[in-house]
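Hi,

Here is the structure I promised to send over. Have a look at it first, and then read on for what turned up.

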Amino acid sequence: NEPDDPQVDLDNMELWEQFHRRGTEMVITKTGRRMFPSFKVKVSGLSKSAKYIMLMDIVAADDCRYKFHNSRWMVAGKADPELPKRMYIHPDSPATGVQWMNRPGVSFHKLKLTNNIADPHGHVIHTYTILNSMHKYQPRFHVVRCGDLAKLPYCAFRTYVFKEMQFIAVTAYQNEKITQLKIDHNPFAKGFRDS
């Protein structure tokens, strides 16, 4: 019954803010593409001995479809229907509060963004989320005080949203400023850097 007051801080906040100011875009592909910047948070204020489940999901930020026109994003109509969104449970869940707080961060770097409804490759489907291109999304983080995954649906969720993480899903980058930021900061984009 030890009380708790979970606090969640977004890792790499300055980088997320740089992207947000320019209108963050995330590429979605048939095979799935990881987010950059990656989704990582630092959690504090948990009860040390209680067990917690950490989850995330990505939901539609609004009911609009967008287009990139004259170097900026603008509304281009009503959103396409969304597929039911699933929660992504951190693979180390459940774990004690002290275990979560002692880590450098809770990371969801394995999650991939896709526009592929069918999954012909037999992937572990729970590491993918299906998004619509040219739609705006909001990642969310959830802390649930619960020691048993089977009881998760009956436990209270505490949800944390960082507006800086909003992004538009694209099949190719539209804004060259976003492309440049990704090249400058993403270690996996080193092939695009000028030698």
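Predicted model: local features only at pLDDT ≥ 70, side-chain atom pairs only at ≥ 80, totals over all residues.

Residues are numbered from 1 along each chain as its sequence is written, and side-chain values use heavy atoms, with hydrogens and water left out.

**Pocket and cavity**

Both come from a 1 Å grid over the protein atoms alone: a cavity is a set of points where a 1.4 Å probe fits but cannot get out, and a pocket is an open set with protein on both sides within 12 Å along at least five of seven lines. Lining residues have an atom within 4 Å of a point. Grid points are joined across faces, edges and corners, and a volume is the space filled by probe spheres set on the points.

The second largest pocket holds about 250 Å³ of space. Its lining has 12 residues, and I89, P91, F108, K110 and T127 are the ones nearest its centre.

Around it you will find A60, D62, C64, A79, E82, H135, K136 and Y137. By class, that lining has four nonpolar, one polar and three charged residues. Strands β5 (51-69) and β12 each give at least two residues to the lining of this cavity. (Strands here are DSSP runs of E, at least two residues long, and numbered from the N terminus.)

**Aromatic rings**

Rings of Phe, Tyr and Trp (its six-membered ring) pair if their centres lie within 6.5 Å; planes under 30 degrees apart count as stacked, over 60 as edge-to-face and the rest as tilted. The whole structure has seven such pairs. One of them is F39 with F108, which is edge-to-face at 5.4 Å centre to centre with 70° between the planes. This pair links distant parts of the chain: F39 sits in the loop between β3 and β4, F108 in the loop between β9 (106-107) and β10, and they are 69 residues apart. F39 and F108 are both buried (buried means under 20% relative accessible area, exposed over 50%, partly exposed in between, with a 1.4 Å probe and protein chains only).

Then there is F141 with Y160, a tilted pair at 6.4 Å centre to centre and 45° between the planes. F141 belongs to β12 and Y160 to strand β13 (residues 157-161), so the pair ties together parts that are 19 residues apart in sequence. F141 and Y160 are buried too. F39, F108, F141 and Y160 form one aromatic cluster.

**Strands**

Two strands pair if DSSP finds at least two bridges between them. Strand β2 (residues 25-27) runs parallel to β14, joined by three bridges, with V27 opposite V170. Strand β12 (residues 135-145) pairs with β14 in the antiparallel sense over two bridges, and here K136 has I168 as its bridge partner. That is the K136 from the cavity lining.

Strand β1 (residues 7-10) has V8 and L10 on a covered face, with Q7 and D9 on an uncovered one. β1 pairs with strand β4 (residues 40-44) in the antiparallel sense over four bridges, and L10 has V41 as its bridge partner in β4.

There is also an open sheet of three strands in the order β3-β10-β11, with mixed pairing. Its edge strands are β3 (33-34) and β11 (128-130), each pairing on one side only. Strand β10 (residues 112-114) and β11 are parallel over three bridges, and T114 has I130 as its partner in β11.

Cheers

How values were computed: Nonpolar A, V, L, I, M, F, W, Y, C, P; charged D, E, K, R; others polar.
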